Amino acid sequence: NSMTAIGDGRGTRLVDPSPSVRRESQKPNEHRDRDGGYRVHLPPDVLGAPVMRVRDFARVLWWIELGFEYGALHGRRDRRLLSFVFAVLWWVFLPIVSLMAFIRFARPWVKYYMTPERDVVLAVAVHRWGWSVEDYGSAKPGTKRGGDLLAILQPTLLLTADEEVIEIRATAANEALAAKYMDAVPGLVDIGRGWPRGRRLRREPGGGHR
């Protein structure tokens with residue numbers, strides 16, 4: 001159910017599993033990888049979910065620390081120490097963290113969505129196999145605002161993923177969140193343990209219509 005890259009002596013090109021659908025030219029919302037051949041559609045614009053701006057960088061960077069602090073205070077007992085260590089290291093290596101975060105946020109193959117109030121951010125990145133949901137951050141961790149943003153994004157992203165035959169992967173921070181996401185997103189399944197924590201989730205194209 002996923003797109004396949006094949007070589008025919010002239011380079012790598014994109015082949016859709018359906019023989020009736022073949023893309024011979026790059027469209028405006030498609031991403032070309034470093035090899036110049038494989039194409040996967042970039043995540044679409046979503047009404048009601050503005051994209052992250054440069055001016056949002058500083059506060060989103062701060063939200064990373066807030067997430068660590070929240071995990072250290074309210075996370076599961078066996079995970080609190082890890083969150084505490086990350087919270088301390090954020091301050092120790094702040095210049096390096098800032099540079100790495102800016103480079104990460106500037107990736108052209110990733111789209112960062114925000115709520116209308118710009119108090120939550122969620123990224124969707126392009127890979128050879130499809131999309132990954134990553135880099136969640138909130139101005140108020142623990143308030144479940146992420147669910148509000150997901151509700152805005154879900155209809156458009158799932159429709160596009162099904163139409164363009166794109167697999168979606170994500171990692172939930174814990175088992176409870178994984179179960180919640182699987183209830184909310186049709187076709188989303190648990191495929192194993194995440195690293196360094198959580199559960200890995202996957203949705204194949206058309207997963208909600210079987």
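**Ground rules**

I am working from a predicted model, where local features need pLDDT of at least 70, side-chain atom pairs count only at pLDDT 80 or more, and totals for chains, interfaces and linings use all residues. Residues are numbered from 1 along each chain as its sequence is written, and side-chain values use heavy atoms, with hydrogens and water left out.

**Overview**

I counted 5 helices and 10 strands in the protein. These are DSSP runs numbered from the N terminus, helices being H or I with at least four residues and strands being E with at least two. The chain has 210 residues, and 39% of them count as buried. I also checked contacts with a separation of 6 or more: 59% of them join residues 24 or more positions apart. Contact here means heavy atoms within 4.5 Å.

**Back to A125**

I placed A125 in strand β6, residues 120-126. Which residues does A125 contact, leaving aside its neighbours within four places in sequence? I got W109, V110, G130, W131, S132 and E134.

P108 sits in the loop between α3 and β5 (110-114), and P108 is exposed at 61% relative accessible area.

**Helices α1 and α3**

I wanted the geometry of this pair, since two packed helices are described by the angle between their axes and the distance between the axes. Helix α1 (residues 57-74) packs on helix α3 (residues 94-105) at about 115°, with the axes 11 Å apart. The axes are lines fitted to C-alpha atoms, for helices over the stretch in contact, and the angles run from 0 to 180 degrees between N-to-C directions. The crossing of α1 past α3 is right-handed. By the convention used, a crossing is right-handed if the near helix is turned clockwise from the far one by less than a right angle, and left-handed if anticlockwise.

Which residues meet here? From α1 I noted F57, V60 and L61, and from α3 L94, V97, S98, A101, F102 and F105. Sorted by class, the contact has 8 nonpolar residues, 1 polar and no charged ones. Nonpolar covers Ala, Val, Leu, Ile, Met, Phe, Trp, Tyr, Cys and Pro, charged covers Asp, Glu, Lys and Arg, and the others, Gly among them, are polar.

I then picked out V97, in helix α3. V97 is partly exposed at 23% relative accessibility. Not counting residues up to four places away in sequence, V97 touches L61 and W90. The C-alpha atoms of V97 and L61 are 8.7 Å apart, for 36 residues along the chain.

**Aromatics**

My search of the whole structure turned up 7 aromatic pairs. Why is the pair of W90 and W91 edge-to-face? Their ring planes stand at 85°, with centres 4.9 Å apart, so the pair gets that label. The rule is that rings of Phe, Tyr and Trp (its six-membered ring) pair if their centres lie within 6.5 Å, and planes under 30 degrees apart count as stacked, over 60 as edge-to-face and the rest as tilted. W90 is buried at 6%, whereas W91 is partly exposed at 49%.

F105 and Y112 are edge-to-face too, 5.1 Å centre to centre with 80° between the planes. F105 is buried at 16%, and Y112 is buried at 5%. F57, F102, F105 and Y112 form one aromatic cluster.

I also found R169 over the face of W129, 3.9 Å from the ring centre. That call needs NZ of Lys or CZ of Arg within 6 Å of the ring centre and within 35 degrees of the ring normal.

Most residues other than glycine have a negative phi, and most peptide bonds are trans. I flagged D135 for a positive phi of about 50°. D135 lies in strand β7, residues 130-138, and is partly exposed at 23%. K144 has a positive phi of about 65°. K144 is in the loop between β7 and α4 (145-163), and is exposed at 61%.

Technical notes: Buried means under 20% relative accessible area, exposed over 50%, partly exposed in between (1.4 Å probe, protein chains only).
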